[in-house]
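The following exercises are to be worked through with the structure in view. Each task is followed by a solution in steps.

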Amino acid sequence: MQSITKLGIFTSGGDAPGMNACIRAAVRTALHAGKSVVGIYQGYQGMIEANFHEMNSRSVSNIIQLGGTILKTARCKAFHTAEGRQKAYDNIKAVGIDGLIAIGGDGTFTGAEIFSREHNIPVVCIPGTIDNDLYGSDFTLGYDTATNTVIEAIDKIRDTAASHDRLFFVEVMGRDSGCIALNAGIAGGAEAILLPEKATGIEELCNQLESAAKSKKSSTIVIVAEGEENGGAYNVAKEVKARFNFYDTKVTILGHLQRGGSPSSFDRVLASRLGFAAVRHLLSGKTRIMVGIRGNEIQTTPLEEVLNKKVFKLSEDMLEMMEVLSI
Ligand code: ATP
């Protein structure tokens, strides 16, 4: 095994708050170990286009508090092809990059796993996505911040819902994961939460809303996870309205405002720990692993396992509690 002298670092897939704090930690950990660092801009696209910039300690000054990613991110079709990956490999080899740190979601990890095997280049991955949908880490970068953003929005919507006796449907991100929906719903005191992991039909929802109305609630908020089975907040609102036309229903799709913003203290610390650990593991000869956090300890998981194991992060206790607390 040859020791690594020059690391390439990139972000890929959707941006997430905490990515910058993670870049900062990884760059400084590598520099501290006497290694060179190259920032690869726009993920795999940047590898194919040789969009590289040498980084020093000052390149990552004053970014710990910034959302988004200073390295930019992209979705790159060409990396799905062997020719595209060959071009990427030729480019990184030409500048002497001999190890990679990848920050992103499962698509990014899939690309990293294939690329690493194909060209025998060591890679360590860091979970960066607001969806919190990766096996091997209790939390992903950006999830805590996104959840806090959603809570802030629910609190504001609650003011209007209570003032007008309205029924609000708030759609939140998370793709196939209901983590943001469940946690923000609990923290925001939602009356009902529709999740991808637990089917709730319109009939069941209507029963819940009926008992909320009977108990004279002055406002009702239903959180709708984007991946749930009833077709999104607009559709759910339409179906509920068809049954209960006395309700004044409103829909809010929070959309991309959930992705940006200054990372929470939790995300900044998590990002720093993961960036630090990822570089240490890469330099110690590890490859094709993801560094994550489990039970407040940094743990590593082979990428193959991360990609092949199904993840279920909602606790049954919380699901039950949600129903009890919403009466
Ligand atoms: P998010 O969870 O925020 O969507 P992600 O990392 O899952 O993040 P994707 O768009 O799925 O985002 O993947 C990022 C990039 O990884 C893709 O644009 C593509 O360049 C690369 N990639 C994904 N899947 C593959 C694959 N099977 N082979 C090669 N590259 C891939």
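**Exercise 1: Two packed helices**

In this predicted model, the axes of helix α5 (residues 143–164) and α6 come within 9 Å and cross at roughly 45°. Determine how α5 and α6 are oriented to each other, and which classes of residue form their contact.

Solution.
1. Angles under 35 degrees count as roughly parallel, and 65 to 115 as roughly perpendicular. The crossing angle here is roughly 45°, and α5 and α6 are therefore oblique to each other.
2. The handedness of the crossing of α5 and α6 is right-handed.
3. On the side of α5, the contact is made by Y143, A146, T147, V150, I151 and I154; α6 contributes C179, I180, N183, A184 and A187.
4. Sorted by class, the contact of α5 with α6 has nine nonpolar residues, two polar ones and no charged ones.

**Exercise 2: Two annotated positions**

The UniProt annotation "binding site", from an unreviewed entry, covers positions including R24 and A190. State for R24 whether it is buried or partly exposed, and do likewise for A190.

Solution.
1. R24 belongs to helix α1 (residues 19–32). Buried means under 20% relative accessible area; R24 has 25% relative accessibility, so it counts as partly exposed.
2. Beyond its neighbours within four places in sequence, R24 is in contact with V60, I63 and I64.
3. A190 is found in the loop between α6 (179–187) and β7 (192–194). Its relative accessible area is 4%, so A190 is buried.
4. With neighbours within four places in sequence left aside, A190 is in contact with R158, G185, I221, I223, M322 and S326.

Definitions and conventions. Residues numbered from 1 in each chain as written. Predicted model: local features only at pLDDT ≥ 70, side-chain atom pairs only at ≥ 80, totals over all residues. Heavy atoms only, no water. UniProt positions renumbered as here; feature names shortened; annotations may be inferred. Helix = DSSP H or I, 4+ residues; strand = E, 2+ residues; numbered from the N terminus. Buried < 20%, exposed > 50% of the residue type's maximum accessible area, 1.4 Å probe, protein only. Contact = heavy atoms within 4.5 Å. Axes fitted to C-alpha atoms, helices over the stretch in contact; angles between N-to-C directions. Parallel < 35°, antiparallel > 145°, perpendicular 65-115°, else oblique. Left-handed = near helix turned anticlockwise from the far one by under 90°. Nonpolar A, V, L, I, M, F, W, Y, C, P; charged D, E, K, R; others polar.
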